Every structure is written in C-alpha cells, then in structure tokens.
Amino acid sequence: MNFLSLFILIPILMLGSLALSGNMKQIRSICAAGASLLLFLSVLLTFMYLDARNSGDTTEMLFAASVMWYAPLNIHYSVGVDGISVAMLLLSSIIVFTGIFTSWKMEILPKEYFMWFCLLSIGVFGFFISTDLFTMFMFYEIALIPMYLLIGVWGTGKKEYAAMKLTLMLMGGSALLLVGILGIYFSSGATTMNILELARQSMPVALQRWFFPLTFIGFGVLGALFPFHTWSPDGHASAPTAVSMLHAGVLMKLGGYGCFRVAIYLMPEAARELSWIFIILTGISVVYGAYSAIVQTDLKYINAYSSVSHCGLVLFAILMLNQTAMTGAVMQMLSHGLMTALFFALIGMIYGRTHTRDIREMGGLMKIIPFLGVCYVIAGLASLGLPGLSGFVAEMTIFVGAFQHPGIFYRIITILACTSIVITAVYILRVVGKLLYGPVVNEQHLQLTDAVWYERFAVIILILAIAGIGLAPLWVSDMVRESLGNVIAELIR
C-alpha cells in the first residue's frame, strides 16, 4: 500500500459504503467523513512534499510506487507526485469536500447521485497521481463516464442534449488521445509506458509532428480548446451544482495537466515547432470566451463562457514553453478551479431560492440575501483579477511569462490576450450590478432567506483558499517552478 493510493482507496470505500447505506443521514455521514479525510490527506501530502524538498530530496517524483499490471504491454500501476500533482490533488480535495456540502439537501436519488460523484472523484485523483500513460488514460475515462448520468439524470434545462453533446465530444477527444498514446509508446522504442522512462527516449521528430497534435487536441478538448469548446457551456449550464463545481473546477484541469504532462513533456521538439498554431487557437479561446460571456443573461452560461476564457489562458501559458508562463498556468488552474467552484456554488444557491438564473429577472438581492451577495462580489473580484486574490497572481505570472518569449508574433498574441482582462471586468461588474443592486425586480424575492450553515461552510472554505493563494502565493509558485525544471531542460535542449 502506497500513501498516494489512499486517494483512490478512500473514494472506493465511500462507494461501497454508500451502496450499503439505508437513509439520508448515513449517506451524508459517509460522504462528509470521506471528503474530510481526503482533504486532510491532501493537506498532509502538501506539507510532506514541501518538507521533502526543503530537506534536499531531488527525486523527480516523490512517494513513487510501481506494480506490474498487464505484462504483455508492460503496463504498470505506477504512481508518484511532483509539485504540480500535489497542487492538483489539493485543489481536487477542496472542491470534492465543498461539493459534498453544497449537495447536502439532494432529494432526487441521493444514494445514486453520491455514488456517481465518488466514481468521478476516483477518476480525478487517479489521473493526477498516475505516472503510467495507460493507467493515466484509464482514470481519465473513469472521470468522464459519470458525467453523462450526473447531467442527464440530475441536471436541469436541456439536460439530455447537454449530456449527450458533452459525452460525444469528450469521447471524440479520447479517441484521438488513445491513438496518440499508443503512437508514443510504439514509436519511442520504450519497453514501458512510464512517463519518466518515455521522456528519456528519443522519439523521431517526424513522428512527434504526428502525435503531438493528437495528444494536445485530445486533452485540449477537455480544456475547452477552440473550436472544440462548444460542449462546455451547455454541459455546465445543465449540470447540478456540485457537478458543475467539480467539472469546471477540476475536470477541465485534466486537459491542461495532460497537455503539459504528456504532449509537451514527451514531445518537446514538436512542441517547439507547432506551438504557434495552438497559441492562435488558445488566444481565440481567451478573447472569444470573454466576449461571449458579455452577451449572456443566464448566470451559468456567463460563468461557463468565463471558464472557456480562463482555461484558454492555461493552455496559452503552457504553450509559451518557458518556466514563468508555465508556473502561471498551474497557478491559473488552481485559481480558476477555486474561483469557478465558488461561482457555481453561489449560482446554485441563488437559483435554489429564486428558481431563475436569468439576470433580467433579478435585482436588489444584496439587501435580501447579504451573505450570498457579498460572497458573489468576492468571486467576481477574484475573476477580474483583484490584487490580494488568486486571480491576480495567476494572470500576472502568465502575462509576464508570455512577454518573455522573444518572438514578436507571440508578444502581439499576448497583447490581444491581455484585452480579456478588460472584457472580464465589464461582464463581472455588469452582472454584479444587475443581480445584487438596484430595485427588486420580483417582489416574491423579498421573502428569500439567506444561506444556511452547510452552504456558508462550503463557501467560506473556497473564499479562504482563494485569499490564501492571493496573499501568500510563493509556496505554490516555488513548488511548481521546481517541478518544471526537467520539462524546461527538455525544451531548451
């Protein structure tokens, strides 16, 4: 038993316990206990990782373990973490924990809902700790499959359409990804699918040019890469609250993490040659997503298009292929994950009270539900990059790193991407003004009640995490920057 395997074992035990549970009290107790333990383990892992690095441990992957799984293809169950993986595990555990409490009053098939939620968590945690390509792909698929039912059964609006669209597009990306992974394995001459071993092989550049686009697009579909992003707004808008939180906050990060860990790390020569093509596409994602958010009137669609823009920044920064920009990309994954989880949690709470997500039918809510109103303002300020919150640190690191690229083409694209900051401020302030201030549009809203204890608890956890990264970002950036050393060495070789 490896320490990292606990992140898979605990959700599996939660899944089994939920199957045997008989009432809502037991379901809540199992979910709360399991999510609390996952959060504790991720915080403990973070301290253990920082302590190991401070002690001078230079091992590329810490807490590593490997067990033969399928001998004919030399597939191993192999796990290990670096600073980037640790950051993603911490993000995932925070959102799983808060997602459980935002679903505290789930009434429709609660046992089945939380069982699928646990299966989704297994895929997410397994993906971030895997160091074997095939094992990573397996957990990637486990994370995607539950989304169809979670949206199709427990969602709202055009949920069947959104669930099918999301599934088909993500499965299409998975097909490209599988071809790319098998191509990497067979063309590299390696005898194992371990990522660290594959990185030491010298794959012919001609083959890298074929497999780099397949893997980058395969993961990029989940990271809302233009023009493969169209599943995202419909999926987010139709998903139940906690699923939207986990989907936008964590699942989309699998795309950025995979692009970095597989496409760029294993095929650096092709990344240098072809990055300009994908930089154009990600630049479009950044600006297009922000402009699209301006014209939306549905709160979830506004946040969904905002996520397209912010996740575009992640891929944009990764493709700049320098340490500063890549550090910013990981910090943006953390920041956006927490920020969008907070947004979707608050939108779900507001919708549960007003029964509408149309901002034209709401107004003056600040004096009716002040706690939720203040928290929504904080989420908005984090999204538009207010100093002292996580969004500012992440975006500034990305743009500073992007300007370090010597090419004039890259600097022009960076300037265009910077305009998203202004656009974001426009739609965030517009929504805050329309939603929370001014006259009360619907007199029935005067009877609304503010957040209850479990809602306040979940929201405060997310706000503290956003403020913690914004006020003390160095421990994150140092942890990430150190882990980027081997990747940068391959890129400048």
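A: The buried residues of α15 are Ser390, Gly391, Val393, Ala394, Glu395, Thr397, Ile398, Phe399, Gly401 and Ala402, where buried means under 20% relative accessible area, exposed over 50% and partly exposed in between, computed with a 1.4 Å probe on protein chains only. The model is a predicted one, in which local features need pLDDT of at least 70 and side-chain atom pairs count only at pLDDT 80 or more, while totals for chains, interfaces and linings use all residues. Residues are numbered from 1 along each chain as its sequence is written, and side-chain values use heavy atoms, with hydrogens and water left out.

With ten of its 14 residues buried, α15 is mostly covered. Its buried residues pack against α12 (299–318), α13, α14 (370–383), α16 (408–436) and α17 (453–471); contact here means heavy atoms within 4.5 Å, and helices are DSSP runs of H or I with at least four residues, numbered from the N terminus. The end C-alpha atoms of α15 are 20 Å apart, which agrees with the 20 Å that its 14 residues should span at 1.5 Å a residue, the expected span being 1.5 Å times one less than the number of residues.

Among these partners, α13 can be described in detail. Helix α13 (residues 323–354) and helix α15 (residues 390–403) pack at an angle of about 155 degrees, and their axes are 7 Å apart; the axes are lines fitted to C-alpha atoms, for helices over the stretch in contact, and angles run from 0 to 180 degrees between N-to-C directions. That angle makes α13 roughly antiparallel to α15, since angles over 145 degrees count as roughly antiparallel, under 35 as roughly parallel, 65 to 115 as roughly perpendicular and the rest as oblique. The crossing of α13 and α15 is left-handed, a term used if the near helix is turned anticlockwise from the far one by less than a right angle, with right-handed used if it is clockwise. On the α13 side, the contact is made by Thr324, Ala325, Thr327, Gly328, Ala329, Met331, Gln332 and Ser335. On the α15 side, the residues include Ser390, Val393, Glu395, Ile398 and Val400. By class, the contact of α13 with α15 has eight nonpolar, nine polar and one charged residues; Ala, Val, Leu, Ile, Met, Phe, Trp, Tyr, Cys and Pro count as nonpolar, Asp, Glu, Lys and Arg as charged, and the others, Gly among them, as polar.

Helix α13 also packs against helix α10 (residues 241–266), where the two axes come within 7 Å and cross at roughly 165 degrees. These two helices, α10 and α13, are therefore roughly antiparallel to each other, and α10 passes α13 in a right-handed crossing. The residues in this contact include Lys253, Tyr257 and Phe260 of α10, together with Met333, His336 and Phe344 of α13. The contact of α10 with α13 divides into ten nonpolar, eight polar and one charged residues.

In the loop between α12 and α13 lies Leu321, whose phi is near 60 degrees, a positive value in a residue other than glycine. At 16% relative accessibility, Leu321 counts as buried. Ala224, found in the loop between α8 and α9, likewise has a phi near 60 degrees and is buried, with a relative accessible area of 0%. The loop between α8 (205–222) and α9 (231–238) also holds Pro227, and a cis peptide bond with omega of about 5 degrees joins Phe226 and Pro227.

For another helix pair to set beside these, helix α2 (residues 24–54) and α3 pack at an angle of about 160 degrees, with their axes 9 Å apart. That makes α2 roughly antiparallel to α3, and their crossing is left-handed. Residues meeting here include Leu38, Ser42 and Tyr49 in α2 and Leu89, Leu90 and Ser93 in α3, and by class this contact of α2 with α3 has 16 nonpolar, five polar and no charged residues. Ser42 counts as buried, at 1% relative accessibility, and, leaving aside its neighbours within four places in sequence, Ser42 is in contact with Phe7, Leu89, Leu90 and Ser93. As for helix α3 (residues 83–102), 20 of its 20 residues are buried, so it is largely enclosed by the rest of the structure.
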